Amino acid sequence: MGEYLLETQGISKSFSTVKVLSDINLKIRKGEIHALLGENGAGKSTLMKILTGVLEADQGTILYRGKTLKINHPREIHDYGIGIVYQEFNLLPDLTVAENIFIGREPQMSLKGFINDSRLNRQAAQLLERLNCSSISPSRKVDTLSVAEQQMVEIAKALSTNCELLIMDEPTAALTDSEIDTLFDIVRRLKNDGVAIIYISHRMSDLDAIVDRVTVLRDGKLISEHEYDSSIKDLLIQEMVGRELTQKFPPRPDYKRGKKTLGVSGLNISNKLHDISFDAYEGEILGIAGLMGAGRTELARAIFGADRIDSGEIRINGKVTHITSPYQAIAQGVGYITEDRKKDGLMLEQTLRGNISIASLDKFCKGGFVNDSMVDTAVEQYISKMSIKTRGMEQLVKTLSGGNQQKVVVAKWLCRESRILILDEPTRGIDVNAKYEIYELMYQLVLQGVTIIMISSELPEIIGMSDRVLVMCEGRITGELGREELEQDKILKYAMAH
């Protein structure tokens, strides 16, 4: 592996009185894939932000190529050959794919000050083809892309700098299995070219495919460093959570399906959904599986009133409803944990208090005024119930780790006490311990008679948690499987059916 490309020596960082990193010593070799593991809030993303100039360490030194590294602004990382793919996308939605990939580095015409658009699009197309994403047009606006497509654009943007060190924060969270395989091929080629990769992931299966070494953080401290081998997975999980975790899924409670709460008949949205019909029941976890572009999120948005349907019928508790906005869906007892928490699920500039209570303010009103004491009590209850790592309810949500932000989204709908809850990729970017907590909450909710519709790209999660699964392909339901029929090959068969 040769010499160390990057070393951190005694890196520490505090926010107010909370110490989030304490004396971190990390060493990255040239041409290695080094996994950085830890629960949400362990300090992984904070450390990466310090490495890339987004944050400044309170103490410690960073050595890069043997020399002290001091980055005053994040844009300077490109000058050092450092690239990063953030867990939370850093794209400009109103610009095109090509403009996002090469922003600030656009090829110029011979007449200075004018961008060479044809060359810009051609270079972007070459990068996307390298990622096996030639279906994404370089001239397409980013705000029209799915979450998975945005992830591939982020990766293309990082690769466009010809970096020596590439930091990848949860790069596979929004990708399908085939897209993950493509990404791993690219990562291996980069490694063979001598590129060092810091790889942050909560998916233990990623480690087997590509990782050479692994470092574990817990509560802002460096716990261990290992040469990676699949035999140490259980040890890594124990080091991350501070105790032994024996099961991936909680014990399944004994509960029975109740009355029909949601009925969908002949639902159509032009070029998105085609003749969708299904029922969902009280006390049931209904999984929805499918590949990227299958229409799963479009279906969720249609039920929630975020997208207008062309034809079809939605019935809640046996009554036909005409939901044309999320406000009406919420009033009917429907909650929706969105796929993209940053864009659609959170008010990043607001506090935990504001985010958790926003969908339930009518519950806390007395005489036309919001009862602040009731709000505070409820918010504190759900911060505790979700084990959200925070300095308090007045902390801004944008300052939380990605996993704790996801917990805030879940807490918002738990606070609302929605009776039909749609979960779109509910454990995306969440560590193994937090996933377990989400699964336990799901079981608690179905025992209370809540209907849960869970969309997930992770087949083990679909199989492990669902009572019944609908499989979608190209905007259609192509299969329905009962619990006893749930096998990966069956689900994939329907997911690729035309």
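The largest share of the lining of the largest cavity, three residues, is contributed by helix H16. This is a predicted model, in which local features need pLDDT of at least 70 and side-chain atom pairs count only at pLDDT 80 or more, while totals for chains, interfaces and linings use all residues. Residues are numbered from 1 along each chain as its sequence is written, and side-chain values use heavy atoms, leaving out hydrogens and water.

The structure holds five cavities of 30 Å³ or more (sets of points on a 1 Å grid over the protein atoms alone where a 1.4 Å probe fits but cannot get out, with lining residues having an atom within 4 Å of a point). In the largest cavity there is about 100 Å³ of space, and its lining consists of Thr176, Asp177, Ala289, Gly290, Leu291, Arg296, Ser456, Ser457, Leu459, Ile491, Leu492 and Ala495. Strand S13 (285-290) and helix H16 (488-495) are the elements that give two or more residues to this lining (DSSP runs of at least four residues for helices, H or I, and at least two for strands, E). By class, the lining of the largest cavity has six nonpolar, four polar and two charged residues.

The second largest cavity, with a volume of about 70 Å³, is surrounded by Ile337, Val410, Leu414, Leu421, Leu423, Pro426, Ile438, Leu441, Met442 and Leu445. At least two lining residues each come from helix H13 (402-416), strand S19 (420-424) and helix H14 (432-447), and H14 gives the most, with four residues. The lining of the second largest cavity divides into ten nonpolar, no polar and no charged residues.

Terms used. 1 Å grid on protein atoms, 1.4 Å probe; cavity = no way out; pocket = protein on both sides within 12 Å on 5 of 7 lines; lining within 4 Å. Points joined across faces, edges and corners; volume = space filled by probe spheres on them. Nonpolar A, V, L, I, M, F, W, Y, C, P; charged D, E, K, R; others polar.
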